[in-house]
Amino acid sequence: MTDDVAGQVIKAEQDRIRCLLDVDRDTYERLHAAEYRLCNPTGTVWTKAEYLDLLTTGRVVYRELGLTGDVDAIVGTDVVVLRYRCVIELTVDGADIPRHEAWHTDVYTKSGGTWRCVWSQATGIMDLPSATP
């Protein structure tokens, strides 16, 4: 049962990623809860409406957004937490953000028979030099 639910939510997350790339408004509305919030790598928090507006007006344009490995899932009775690494390349307000990797943590809840994302946290991965003794 847990693997089934994890698989359903991972599929929803893959669909959600695709809708961000394609700016698919219907899928966006279906997979994002009304209370959705995204905390992007700058620490800025966008509501569902703000994020959709940024996407549909072209202020945020994803050129690449995709998983780079496996998705970890914690499955509860009515909540699923996903964590994965992804590669991102985008433009924000005309500024190109170069291709980089990030960790994503997404929280899903089930409402009306559909798993919807309620919170997303994206954290950029910086390659720092290793400490030498």
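This is a predicted model: local features need pLDDT of at least 70, side-chain atom pairs count only at pLDDT 80 or more; totals for chains, interfaces and linings use all residues.
Residues are numbered from 1 along each chain as its sequence is written, and side-chain values use heavy atoms, with hydrogens and water left out.

A search of the whole structure finds 0 disulfides. A disulfide here is a pair of cysteine sulfur atoms within 2.5 Å.

Next comes the largest pocket. Its space is about 360 Å³. The search runs on a 1 Å grid over the protein atoms alone: a pocket is an open set of points where a 1.4 Å probe fits, with protein on both sides within 12 Å along at least five of seven lines, and lining residues have an atom within 4 Å of a point. The volume is the space filled by probe spheres set on the points, which are joined across faces, edges and corners. The lining holds 25 residues, and the closest to the pocket centre are Asn 40, Pro 41, Trp 46, Tyr 62 and Leu 90. Strand β5 gives the largest share of the lining, 5 residues. By class, the lining has 16 nonpolar, 6 polar and 3 charged residues. Nonpolar covers Ala, Val, Leu, Ile, Met, Phe, Trp, Tyr, Cys and Pro; charged covers Asp, Glu, Lys and Arg; the others, Gly among them, are polar.

Asn 40 sits in the loop between β1 (32–39) and β2 (45–47). Strands are DSSP runs of E, at least two residues, numbered from the N terminus. Asn 40 is buried, at 9% relative accessible area. Its side chain makes a polar contact of 2.5 Å with that of Thr 42. Such a contact is a pair of N or O atoms within 3.5 Å; within protein, one must be able to donate a hydrogen and the other to accept it, and residues adjacent in sequence count only if both atoms are side-chain atoms. Leaving out residues up to four places away in sequence, Asn 40 touches Trp 46 and Ala 122, contact meaning heavy atoms within 4.5 Å.

Arg 116 belongs to strand β7 (residues 114–124). Beyond four places in sequence, its contacts include Arg 30, His 32 and Tyr 108.

Terms used
Helices (H or I, at least four residues) and strands (E, at least two) are DSSP runs, numbered from the N terminus. Buried means under 20% relative accessible area, exposed over 50%, partly exposed in between (1.4 Å probe, protein chains only).
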